[in-house]
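Subject: Structure for you to look at

Hello,

Here is the structure I said I would pass on. Please open it alongside this message; my notes follow below.

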Amino acid sequence: MFRLGARTFTTTARRAAQSVAEMEAPNAYGIGVSKAQGVVKGLTGAIGNTPLIRLNHISDATGCEVLGKAEFMNPGGSIKDRAALFVVKDAEEKGLLKTGGTVVEGTAGNTGIGLAHVCRSKGYKCVIYMPNTQSQGKIDLLRLLGAEVYPVPAVAFDNPENYNHQAKRHAERLENAVWTNQFDNIANRQAHIETTGPEIWAQTKGKVDAFTCATGTGGTLAGVTRYLKTVSDVFLGGSSWKRAAFVYPVWGKLTERAGSSITEGIGQGRVTDNLGQDIDLLDGSMHISDEKSIEQVYRCLDEEGLYLGASSCLNVAAAKELAENLGKGHTVVTMLCDGAYRYADRLFSKKWLTEKKLLGAIPKHLEKYIVLP
Ligand SMILES: Cc1ncc(COP(=O)(O)O)c(C=O)c1O
């Protein structure tokens, strides 16, 4: 009995080991996408390898495969965990950051949360500068993640007291410290060349007709576009990858600097070094209004069961439009950057929607989700 049990156990263990090995072995498209199901080393090992979710409702409606990369499943809850990990790794590799060192960044959002997580797991100190217009909730969250937070007067980028410049000077004053500079540090874009792009390629088995995402630093769009353009040249021939697209929230051309949006985490008044590297690879741009983005927040919740932030839903609205333009049978991929948790007090508040003149954008049958006064 015991012997049989032992033999059964050994066989099962061998099969399990085999299947882990299979999971982790690169497949024909170059990456073991099921790695997330195995054991990873520390928090940083859990960054990336996010699922690619078929948006069933939109896919069925458009006759396309519309797929969203579930970046809200990263340990820090957003796409920026990838950039945070890569800018820290880059500083380590360049010898700028050694044991017990300090990472300094100017950020009001997800990059700070990603960096705070990565720094804790690697034993670095994390210092964050942000405009003092940001909510107490954001400051509290970063502090409870162990970061030192400096809310400073909200002034324009060309003012030396802007939070980014203050972050840079803070790092310069310290020994063994680095200003990670997410906007112009191309290690950010590299994260998406080495992880996001290959994951999308492997998960779709090389069938991607279009990719679209909005830009903050531009790291995601540039990195994914660079990777997909490169491998499609290898696997599909130069002309097959024609339809990468990018989205600005409220303006259509890269040279335009004006405009505003309710959408946090995106919108950029300049071509960053991350974006500048690959700008010529982009095939087009789209304009998605705040009305469309907010409607999509409610539709994603109701129709797809996905509780997503506004930038993700802007991306989904763009992917849907792109799918409609391309016609049936195409595969369109976009990014689900983070969840709605941090924005719920606005996105689902009647007062906020009214103030932003967006209440009318919510379809009548979805008003039941406006649960906050
Ligand atoms: C919620 C959210 N969406 C999208 C982005 C844009 O990503 P990227 O900086 O790679 O352009 C960010 C960046 O901070 C973000 O926080």
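**Strand β10 and its partners**

Strand β7 (residues 210-214) is joined to β10 by three bridges, and the two run parallel. Two strands are said to pair when DSSP finds at least two bridges between them. Helices (H or I, at least four residues) and strands (E, at least two) are DSSP runs, numbered from the N terminus. Within this pairing, Ala210 stands opposite Val332 in β10.

Before going further, note that this is a predicted model: local features need pLDDT of at least 70, side-chain atom pairs count only at pLDDT 80 or more, and totals for chains, interfaces and linings use all residues. Residues are numbered from 1 along each chain as its sequence is written.

β10 also runs parallel to strand β2 (residues 65-70), to which six bridges join it. There, Lys69 has Met335 of β10 as its bridge partner. β10 is mostly covered, with six of its six residues buried. A residue is buried if 20 or more other C-beta atoms lie within 10 Å of its own, exposed if 12 or fewer, and partly exposed in between, with C-beta atoms placed from the backbone. Thr331, Val333 and Met335 point one way from β10, while Val332, Thr334 and Leu336 point the other way.

His330 lies in the loop between α12 and β10 (331-336). His330 counts as partly exposed because it has 19 C-beta neighbours inside 10 Å. Leaving out residues up to four places away in sequence, His330 touches Cys64, Asp209, Ala210 and Ala323. Contact here means that the C-beta atoms of two residues, placed from the backbone, lie within 7 Å. The C-alpha atoms of His330 and Gly63 are separated by 7.9 Å, although these residues are 267 apart along the chain.

**The protein as a whole**

The protein has 14 helices and 10 strands. Of its 373 residues, 43% are buried. Among contacts between residues at least 6 apart in sequence, 69% join residues at least 24 apart.

**The four-stranded sheet**

Four strands form an open sheet in the order β5-β4-β3-β6, with parallel pairing. β5 (148-152) and β6 (177-179) stand at the edges with a single partner strand each, so one side of each has no neighbour in the sheet. The twist averages 15° from one strand to the next.

Strand β3 (residues 102-106) pairs with β6 in the parallel sense over three bridges, and Val103 has Val178 as its bridge partner in β6. β3 also pairs with strand β4 (residues 125-131) in the parallel sense, over five bridges. In that pairing, Thr102 stands opposite Lys125 in β4. Four of the five residues of β3 are buried.

**Helices α11 and α12**

Helix α11 (residues 290-304) and helix α12 (residues 310-326) pack at an angle of about 95°, with their axes 8 Å apart. Axes are lines fitted to C-alpha atoms, for helices over the stretch in contact, and angles run from 0 to 180 degrees between N-to-C directions. α11 and α12 are therefore roughly perpendicular to each other (under 35 degrees counts as roughly parallel, over 145 as roughly antiparallel, 65 to 115 as roughly perpendicular and the rest as oblique).

Lys292, Ser293, Ile294, Gln296, Val297 and Cys300 in α11 meet Ala310, Cys313, Leu314, Val316 and Ala317 in α12. The residues of this contact divide into eight nonpolar, two polar and one charged. Ala, Val, Leu, Ile, Met, Phe, Trp, Tyr, Cys and Pro count as nonpolar, Asp, Glu, Lys and Arg as charged, and the others, Gly among them, as polar.

**Around the ligand**

Which of the 19 residues around the ligand come nearest? They are Gly216, Thr220, Gly265, Ser311 and Cys337. A residue is near a molecule or strand if its C-beta atom, placed from the backbone, lies within 6 Å of it. The elements that give two or more residues to this shell are α5 (110-122) and α9 (219-235), and α9 gives the most, with three. The shell divides into four nonpolar, 13 polar and two charged residues.

**Two positive phi values**

Asn49, which is not a glycine, has a positive phi of about 50°. Asn49 is in the loop between α2 (42-45) and β1 (52-54), and counts as buried because it has 21 C-beta neighbours inside 10 Å.

Regards
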